Amino acid sequence: EGLLISDSPSLTTGERITWHLTLAEWAALCGISAVLGHVTSPFLGFKGGRGVATALGATGALHPGIAGVGVCVWLTTLFLTRTPAWSSLAMSLSLLVLSQLQGVADSVRFFCLGAAVIITIRHWTHLKRLFTGQSLSVNPSYFSYKAHAKRGKNRGDRHKSRSNKRRSKKRGKR
């Protein structure tokens with residue numbers, strides 16, 4: 001049924017009034033706690049990530065349909081704008097809008113509102129940069145498999161010592 005949070009005696013009748021949170025409400029509180037813990041980790045000096053992936057994961061536990069649409073919105077916006085900040089903000093807005101649909105539990109609405117606020121606050125510096133015209137876009141080669149394969153090959157060559165490079169050149173001449 002629910003878990004006991006607190007109880008207090010009624011001032012007029014002397015009855016005990018209890019407040020219960022349902023399991024869905026507990027899950028929403030745990031989701032918000034996870035996002036806050038990711039964003040403001042005490043182990044990292046109260047600094048952390050942006051909370052986007054954590055919010056999507058918690059949304060997936062609370063309402064998988066909304067989370068699925070959120071992932072689609074994030075990917076579509078990323079491929080259209082090539083800007084992760086815009087895609088994260090669009091995803092949080094979609095979570096907020098979709099949670100207002102009929103039939104969605106109040107606990108999911110509470111979570112989506114909290115997650116959208118946290119994500120927007122964490123992206124505030126990105127918003128300032130985007131509105132002043134500074135670029136935050138992803139390098140187009142980020143989406144190319146060939147660029148990653150080529151980058152990996154060159155990376156191995158850079159880390160060879162000089163003696164290894166000389167040996168490999170000598171082997172090539174033989």
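From the N terminus on, the elements of the chain follow the order β-β-α-α-α-α-α-α-α-α, that is, two strands and eight helices. Helices (H or I, at least four residues) and strands (E, at least two) are DSSP runs, numbered from the N terminus. The structure is a predicted model, in which local features need pLDDT of at least 70 and side-chain atom pairs count only at pLDDT 80 or more, whereas totals for chains, interfaces and linings use all residues. Residues are numbered from 1 along each chain as its sequence is written, and side-chain values use heavy atoms, with hydrogens and water left out.

Of the 174 residues of the chain, 26% count as buried; buried means under 20% relative accessible area, exposed means over 50%, and partly exposed lies in between (1.4 Å probe, protein chains only). Contact is defined as heavy atoms within 4.5 Å. Among the contacts in the chain with a separation of 6 or more, 48% are accounted for by residues 24 or more positions apart.

Two packed helices are described by the angle between their axes and the distance between the axes. Axes are lines fitted to C-alpha atoms, for helices over the stretch in contact, and angles run from 0 to 180 degrees between N-to-C directions. The axes of helix α3 (residues 64-81) and helix α4 (residues 84-98) come within 8 Å and cross at roughly 150°. The two helices are therefore roughly antiparallel to each other; angles under 35 degrees count as roughly parallel, over 145 as roughly antiparallel, 65 to 115 as roughly perpendicular and the rest as oblique. The crossing of α3 past α4 is right-handed, where a crossing is left-handed if the near helix is turned anticlockwise from the far one by less than a right angle, and right-handed if clockwise. In this contact, residues of α3 including Ile66, Val69, Trp74 and Leu78 meet residues of α4 including Trp86, Ala90, Met91 and Leu95. The residues of the contact of α3 with α4 comprise eleven nonpolar, six polar and no charged. In this classification, Ala, Val, Leu, Ile, Met, Phe, Trp, Tyr, Cys and Pro count as nonpolar, Asp, Glu, Lys and Arg as charged, and the others, Gly among them, as polar.

Helix α4 also packs against helix α6 (residues 124-131), at an angle of about 120° and with the axes 10 Å apart. These two helices are therefore oblique to each other, and α4 passes α6 in a left-handed crossing. Ala85, Trp86 and Leu89 in α4 meet His126, Leu127, Leu130 and Phe131 in α6.

Two serines of α4 were examined individually. Serine 88 lies in α4 and is buried, because its relative accessible area is 6%. Not counting residues up to four places away in sequence, serine 88 touches Val52, Trp74, Ile119 and His123. Serine 92 is likewise located in α4 and counts as buried, at 3% relative accessibility. With neighbours within four places in sequence left aside, serine 92 is in contact with Ala116, Ile119 and Thr120. The C-alpha atoms of serine 92 and valine 52 are separated by 7.9 Å, although these residues are 40 apart along the chain. The side chain of serine 92 also reaches the backbone oxygen of leucine 89 at 2.9 Å.

Backbone geometry was considered in two loops. Most residues other than glycine have a negative phi. Arginine 82, in the loop between α3 and α4, has a positive phi near 60° and counts as partly exposed, at 29% relative accessibility. Phenylalanine 46, in the loop between α1 (23-39) and α2 (52-62), also has a positive phi near 60°. Phenylalanine 46 is exposed, with a relative accessible area of 59%.

Technical notes: A polar contact is a pair of N or O atoms within 3.5 Å; within protein, one must be able to donate a hydrogen and the other to accept it, and residues adjacent in sequence count only if both atoms are side-chain atoms.
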